[in-house]
Amino acid sequence: MVTNRPDINQVLSQMRDMRSQIQQPASITNPINKVGDIAGVENGIERADFSAMLKNAVDNVNTLQAESKNLAQSYERGVEGVDLPQVMIGLQKSSVSFEAMTQVRNKLVDAYEKIMNMPI
């Protein structure tokens, strides 16, 4: 019986790829950029549009949550090919991504508050 459940090595590989993309400077992260991802070019270095990056991250979290919800509902209905480990991995991925997004939001709010409290 063949299932569509993700291989743990594939999940780990995706996590490592995401971590390496975050750690690399924006100028070499992705040589082929989508339209709207670049705010401009200064001195030959591409600047990533922060709002586009943030929107993309929120959309990814939303997609993961929707996929995990659909997966859980499929398991509850007894759809063939959906097993419990697959559901649990999907739920954990969406939970971790939401927690990471919450931490980013908290850091942004903290930075905003610090800037607002700076003397002029």
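Lys 55 has a relative accessible area of 51% and is therefore exposed, a class that requires over 50%, with buried meaning under 20% and partly exposed lying in between (1.4 Å probe, protein chains only). The structure is a predicted model, in which local features need pLDDT of at least 70 and side-chain atom pairs count only at pLDDT 80 or more, while totals for chains, interfaces and linings use all residues. Residues are numbered from 1 along each chain as its sequence is written, and side-chain values use heavy atoms, with hydrogens and water left out.

Lys 55 takes part in a salt bridge with Asp 59, with 2.8 Å between the closest N and O atoms; the term stands for a side-chain nitrogen of Lys or Arg within 4 Å of a carboxyl oxygen of Asp or Glu. Both partners, Lys 55 and Asp 59, belong to helix 3 and sit four residues apart, about one turn of the helix. Helices here are DSSP runs (H or I, at least four residues), numbered from the N terminus. Asp 59 is partly exposed, because its relative accessibility is 33%.

By this rule, the count of salt bridges is two. The other pairing to look at joins Asp 110 to Lys 114, whose closest N and O atoms are 3.6 Å apart. These residues, Asp 110 and Lys 114, are four residues apart in helix 4, so about one helical turn separates them. Asp 110, at 32% relative accessibility, counts as partly exposed, whereas Lys 114 is exposed, with a relative accessible area of 53%.

Helix 4 itself has 33 residues and should span 48 Å at 1.5 Å a residue, which agrees with the 48 Å between its end C-alpha atoms; the expected span is 1.5 Å times one less than the number of residues. Its buried residues are Gln 86, Val 87, Gly 90, Ser 94, Ser 97 and Met 101, and they pack against helix 3 (50-77). Ser 97 counts as buried because its relative accessibility is 14%. Leaving aside residues up to four places away in sequence, Ser 97 touches Val 61 and Leu 64, where contact means heavy atoms within 4.5 Å.

A nonpolar patch on the surface is formed by Tyr 75, Leu 84, Met 88 and Leu 91, which together have about 340 Å² of accessible area. Patch members have over 30% relative accessible area and no salt bridge, with nonpolar side chains (Val, Leu, Ile, Met, Phe, Trp, Tyr) joined within 5 Å and like charges within 9 Å. Helix 4 supplies the largest share of the nonpolar patch, three residues. Leu 91 is located in helix 4 and counts as partly exposed at 33% relative accessibility.

Conventions
Helices (H or I, at least four residues) and strands (E, at least two) are DSSP runs, numbered from the N terminus. Accessible areas come from the Shrake-Rupley method with a 1.4 Å probe; for residues, only the protein chains shown count as cover.
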